[in-house]
Amino acid sequence: MKAVVRTRSLPGLLLALLLAALTVLSAGSPPASAATSVSTIAEALRKSPVYVDPAARAQLSSADAHALAERIKDADKPLFVAVLPADYPTTDLFRNLRTATGITGLYAIRLGDRFDARADSSVLPRTAVQNLVTSVQGEKDAKTQLTDFTNSALTHMGGSAPSSWGSSSGGGGVSYTALITAGAVLVAGGAGAFMLVRRGRRRRAAEQQAALDRLRVVVDEDITAFGEELDRLDFHPAEAGADDAMRADYERALDAYERAKSAMAEARKPEDVRAVTEALEDGRFSLALLAARREGRPLPERRPPCFFDPRHGPSVADAGWTPPGGAPREVPVCAADATRLADGRDPVVREVDTDQGRRPYWDAGPAYGPWAGGYFGGGLLPGLLVGTMLGSMMATPSYAANYGSGYGDFGGGYEGGDTSGADFDPGDFGGGFGDGGGGDFGGGGDFGGGF
């Protein structure tokens with residue numbers, strides 16, 4: 001007996017293909033009874049910044065989720081928010097989600113009534129993530145907690161929203177056009193990824209140029225102030241009483257002035273200004289030596305410049321100071337600011353222009369990291385800036401090793417919103433769920449192992 005071979009008709013084949021397509025395109029809506037896969041959550045986050053699991057819809061309404069998503073999109077930042085049921089497995093959750101999503105950004109998860117977050121260091125340093133998580137840990141209402149975290153994070157994080165957020169479909173059905181589009185996306189995937197990376201590079205270059213333009217104003221003020229100090233000194237190498245040591249000090253100061261001007265003229269990125277402020281710091285110390293020699297005073301020891309404004313010159317002592325809302329610390333101060341602090345008055349602080357108006361340089365953004373790093377080199381700066389915006393941004397090991405060496409490029413060439421796939425630092429997404437973003441901030445302990 002011959003075997004009977006059954007063949008499918010053309011309509012049957014089309015129906016099978018349609019069912020397969022429906023299965024793929026409806027993967028974002030799993031049954032509430034099953035734990036949603038990480039890949040499903042990641043697929044949803046590639047289309048929209050907020051994902052609410054079917055089993056967690058009581059925590060955040062559709063309207064609230066939509067409003068939160070629009071807030072993030074309007075800010076053009078790569079912030080991803082997932083709301084999951086309390087019993088969702090936490091082992092390596094952040095790391096797996098970041099791998100599956102493949103986009104550089106800040107990832108926040110509300111899991112039952114617990115909350116935690118992780119971020120690529122190029123978007124937000126680990127210490128800043130810890131501080132932001134800790135600031136909302138006491139809020140039990142999901143809407144309030146996620147809104148407060150989002151509002152704070154958007155003002156501190158870097159990068160731009162991924163372009164994929166504008167490509168999601170609002171319809172519930174599947175059309176032939178959708179199927180054709182899906183096929184086209186698959187074919188063009190390689191080219192699309194390449195274009196995303198190029199777009200990210202252009203965006204990064206534009207951000208760096210804007211930061212350098214703003215920073216240039218401050219650096220030019222520093223150079224001008226140092227030139228005025230040289231004029232006020234009114235030293236002439238041939239004047240009566242001048243010796244070789246004085247002339248050497250003066251020559252070093254002049255050389256520093258020229259180096260600073262030349263380095264600023266050649267600066268192309270914010271990190272390039274570190275060479276400028278290093279030169280100015282050297283020059284001011286040379287002037288302090290020269291002034292002491294001319295006046296017959298003991299030569300000053302080499303100390304960092306005044307913390308409150310490096311234009312004040314080398315510091316003369318360390319004094320206790322507590323920034324608003326921060327912890328006490330010892331900072332190097334000039335004689336005038338030491339007197340002000342001792343009298344209970346405010347020091348004279350260097351303020352710079354920001355989008356929020358005039359602010360102290362330590363609250364003005366990451367571009368001032370290289371500027372401050374040139375003045376306060378070595379391991380001094382992190383301790384001075386702990387608890388400030390700039391200190392949080394510079395808290396990652398790679399940034400602290402060389403302040404401003406990459407302005408937002410904390411290891412790897414990807415910026416916030418770039419598609420990096422699995423190419424990211426796993427340490428940024430490690431730790432246990434609930435430990436406050438990777439550090440020991442008492443945020444509820446380890447609920448199931450490494451994130």
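Tutor: The model is predicted, so local features need pLDDT of at least 70 and side-chain atom pairs count only at pLDDT 80 or more, while totals for chains, interfaces and linings use all residues. Residues are numbered from 1 along each chain as its sequence is written, and side-chain values use heavy atoms, with hydrogens and water left out.

Student: Are helix 3 and helix 6 roughly parallel or roughly antiparallel to each other?

Tutor: The axes, which are lines fitted to C-alpha atoms over the stretch in contact, with angles running from 0 to 180 degrees between N-to-C directions, come within 11 Å for helix 3 (residues 62-75) and helix 6 (residues 142-156) and cross at roughly 0 degrees. Angles under 35 degrees count as roughly parallel and those over 145 as roughly antiparallel, and therefore helix 3 and helix 6 are roughly parallel.

Student: Which side chain makes a polar contact with the side chain of Arg350?

Tutor: Arg350 sits in the loop between helix 11 (335-342) and strand 7 (351-354), and its relative accessible area of 1% makes it buried, a term for values under 20% with a 1.4 Å probe and protein chains only. A polar contact is a pair of N or O atoms within 3.5 Å, one able to donate a hydrogen and the other to accept it; at 2.7 Å, the partner side chain is that of Asp222.

How values were computed:
Helix = DSSP H or I, 4+ residues; strand = E, 2+ residues; numbered from the N terminus. Buried < 20%, exposed > 50% of the residue type's maximum accessible area, 1.4 Å probe, protein only. Parallel < 35°, antiparallel > 145°, perpendicular 65-115°, else oblique.
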